[in-house]
Amino acid sequence: MSSMTRPSIRAEVTPPPATAAARAGRSRVDPLYYVFLLPSLVIFTLAVTLPAVLGFIYSFTNSVGFGDFDFIGVRNFIAVFRDEGVLGAYGFTLTFSLVTVIVVNAAAFLLALGLTSRVRFRAALRTVFVIPMVISGIVIAFVFQYLFSNSLPLFGQSTGIEPLATSLLANPNLAWLAIVFVTAWQSIPSAMLIYIAGLLTVPPEVYEASSIDGASPWQNLRHITLPLIAGYAVINTVLGFKNYLNAYDIIIGLTDGGPGVATRSVAMSIFRGFEGGDYAYQMANAVIFFLISIVIALIQLRFTRGKGGIAA
Amino acid sequence: MSSAPSTIPVKPVAAGKGQRIPAGPERTQWPATIILIVCTLSVLVPLYVTISMAFKTTGQAVDGNAFSLPSPLTFDSFAQAWTLTNFPRGFGISVFVSVIAVAGEIIVSALAAYAIVRNWDRRLFRWSFFYLLAAMFIPFPVVALPQIQLTGLVGLDNPLGVAILHIVFALAFNTMLFTAFLRSIPLELEESMRMDGAGTWQVFWKLIFPLLGPMSATVGIFAFIASWNDFMMPSLIISDPELQTIPVLQKIFQTQFSNSYNVAFASYLMAMAPAIIVYLFTQRWVMSGLTQGAVK
């Protein structure tokens with residue numbers, strides 16, 4: 001498998017060599033090709049494009065999700081910007097995403113370094129480290145919820161560490177750290193595998209040459225490894241942000257948004273559109289959320305372009 | 001982990017490509033090995049707690065000591081979780097969603113990718129590719145509210161609807177994987193088959209689809225892991241609680257588990273076991289698939 005192609009996004013855009021259709025002349029396309037393409041286009045249009053357009057239209061109305069409604073211009077958007085609950089959700093989600101991206105990348109990189117060095121039991125260790133990736137987020141969140149609200153306080157009481165003596169999840173200022181922890185626990189494996197792939201692309205000759213020149217392991221890391229795998233760090237950051245901004249499952253399992261609304265994510269606030277009758281209002285929120293996601297993705301992709309053309 | 005930098009291979013012994021790290025025991029980095037083994041505790045301890053709690057009696061499970069071994073060992077909690085959550089039904093529904101998601105993701109994306117790659121010089125196919133790619137930038141929460149309404153309207157507020165949505169949201173990524181792979185397949189193979197009178201339909205099913213095997217395996221396993229474990233989509237789309245998937249059932253039964261932690265953990269264990277087992281048997285596709293996908 002490892003010998004398979006790893007084209008960059010640029011390779012995708014480059015036209016492939018002359019295809020069968022091209023050689024046969026432009027006039028003849030086997031109609032079957034349209035049939036092959038059709039299912040994707042149809043389900044995508046019906047399940048994504050149509051709801052996206054409808055949602056965008058609804059965001060300018062006062063609809064409650066059913067019945068009659070009027071267009072009310074941008075009033076929903078203005079209200080969203082004044083809604084402390086929604087702003088709080090954005091603050092939490094962005095902070096949480098940023099911290100999680102940093103924690104995950106640091107841990108994943110160190111694990112990848114370890115697993116590509118001359119350690120024993122490498123395959124077995126890797127097998128274990130990847131397990132969290134295949135466990136359901138909400139299920140493992142329930143497991144950690146038990147540990148955070150029962151076992152950790154016992155530990156805190158017996159060792160006298162004050163902040164741990166009560167449940168972390170009941171503390172409005174610290175509950176988000178538990179969410180970072182469990183999210184990182186689940187996300188580290190995929191980032192780690194990507195870093196391992198990156199580290200294995202660095203030719204051993206490079207290290208050989210630098211050690212002949214008397215470079216220390218630290219200098220190797222700083223001047224060879226880190227620059228060469230910067231592109232992989234960008235991939236992990238882009239993919240990570242994309243997931244963490246939509247955080248939902250793990251939060252439901254750990255805190256359900258609480259205590260109070262301290263850990264309510266943007267996704268959770270949008271889904272409340274069906275509870276309080278503020279359907280159109282939450283659609284405006286979704287539109288804003290979409291724009292923010294796009295802006296963050298574009299900033300990251302722009303950064304990628306300067307890093308050797310590996311795009312996510 | 002401050003000693004991690006020392007684990008970089010400073011002087012790799014010259015070896016063949018792909019065999020960059022010699023396995024000679026005299027060169028083993030024991031400090032790094034030990035640090036990594038200690039780190040596996042972060043993965044193993046939560047799993048140990050899940051398993052040991054599941055085998056405890058209700059009386060032992062409420063004592064607050066998560067790390068003690070079960071004594072006496074009992075299977076009662078599994079039996080209770082089995083009947084309480086109606087596990088067979090949830091399991092059947094989760095399998096149903098996963099099977100459709102796996103088969104659908106492989107077939108729908110492979111067909112589209114083949115049509116796109118072979119007709120790349122035609123605008124319609126090229127634009128379709130970029131149209132499908134746009135899905136990568138549209139997260140589910142953004143379109144969720146209208147989607148919930150629409151699925152309800154057309155009678156897809158059920159497991160089938162969830163499976164279809166899994167196919168849709170993975171479409172961009174899978175189509176990208178398949179197109180990249182298809183471009184590495186030489187056209188000559190196909191042309192000789194066409195010369196013998198085979199049509200596009202036969203070429204695809206008899207030649208291309210088997211060649212896509214490794215990529216289909218990767219797509220399929222990720223489709224399984226994603227659909228089996230997902231909570232967000234089924235919890236919002238499936239309107240009938242009787243038709244919920246296993247992860248959602250864990251949430252629904254939280255209050256009924258109450259202080260029967262052993263029953264709760266038995267239920268969690270039954271929920272996570274299938275994905276872990278599938279992973280252990282398909283590891284190499286998981287590892288290689290992820291890195292290939294990411295580097296795209």
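D256(A) counts as partly exposed because 15 C-beta neighbours fall inside 10 Å; by this criterion a residue is buried with 20 or more other C-beta atoms within 10 Å of its own, exposed with 12 or fewer, and partly exposed in between, the C-beta atoms being placed from the backbone. The model is a predicted one, in which local features need pLDDT of at least 70 and side-chain atom pairs count only at pLDDT 80 or more, whereas totals for chains, interfaces and linings use all residues. Residues are numbered from 1 along each chain as its sequence is written, and chains are lettered from A and ligands numbered from 1 in the order in which they are written.

D256(A) is located in the loop between α12 (249-254) and α13 (266-271) of chain A; helices (H or I, at least four residues) and strands (E, at least two) are DSSP runs numbered from the N terminus. Although D256(A) is not a glycine, its phi is positive, at about 55 degrees. F121(A), in the loop between α5 and α6 (122-130) of chain A, also has a positive phi, near 55 degrees, and is a residue other than glycine. With 14 other C-beta atoms within 10 Å, F121(A) is partly exposed. P72(B) is placed in the loop between α2 (58-61) and α3 (76-84) of chain B.

Chain B contains 14 helices and zero strands. Of its 296 residues, 47% count as buried. Where contacts in chain B link residues at least 6 apart in sequence, 75% join residues at least 24 apart; two residues are in contact if their C-beta atoms, placed from the backbone, lie within 7 Å.

The largest nonpolar core has 171 residues, of which A112(A), I179(A), M192(A) and Y195(A) touch the most other members. Such a core is a set of buried Ala, Val, Leu, Ile, Met, Phe, Trp, Tyr and Cys residues joined through C-beta atoms within 7 Å. Helix α8 (residues 175-200) of chain A gives the most to this core, namely 17 residues. Apart from neighbours within four places in sequence, M192(A) contacts A108(A), L111(A), A112(A) and F129(A). V104(A), in helix α5 (residues 84-115) of chain A, is buried, with 26 C-beta neighbours inside 10 Å. Residues up to four places away in sequence excluded, V104(A) touches A184(A), S187(A), I188(A), A191(A) and G240(A). The C-alpha atoms of V104(A) and P189(A) are 9.0 Å apart, at a sequence separation of 85 residues.

Between the chains, 99 residues of chain A are in contact with 101 residues of chain B. On the chain A side, α3(A) supplies the largest share, 17 residues. That side comprises 71 nonpolar, 21 polar and seven charged residues, where Ala, Val, Leu, Ile, Met, Phe, Trp, Tyr, Cys and Pro count as nonpolar, Asp, Glu, Lys and Arg as charged, and the others, Gly among them, as polar. Helix α3 (residues 31-58) of chain A packs against helix α7 (residues 159-182) of chain B at an angle of about 120 degrees, the axes being 10 Å apart. The two helices, α3(A) and α7(B), are therefore oblique to each other. Residues of α3(A), including F44(A) and A47(A), meet residues of α7(B), among them I164(B) and L171(B). This contact of α3(A) with α7(B) has nine nonpolar, two polar and no charged residues.

Axes are lines fitted to C-alpha atoms, for helices over the stretch in contact, with angles from 0 to 180 degrees between N-to-C directions; angles under 35 degrees count as roughly parallel, over 145 as roughly antiparallel, 65 to 115 as roughly perpendicular and the rest as oblique.
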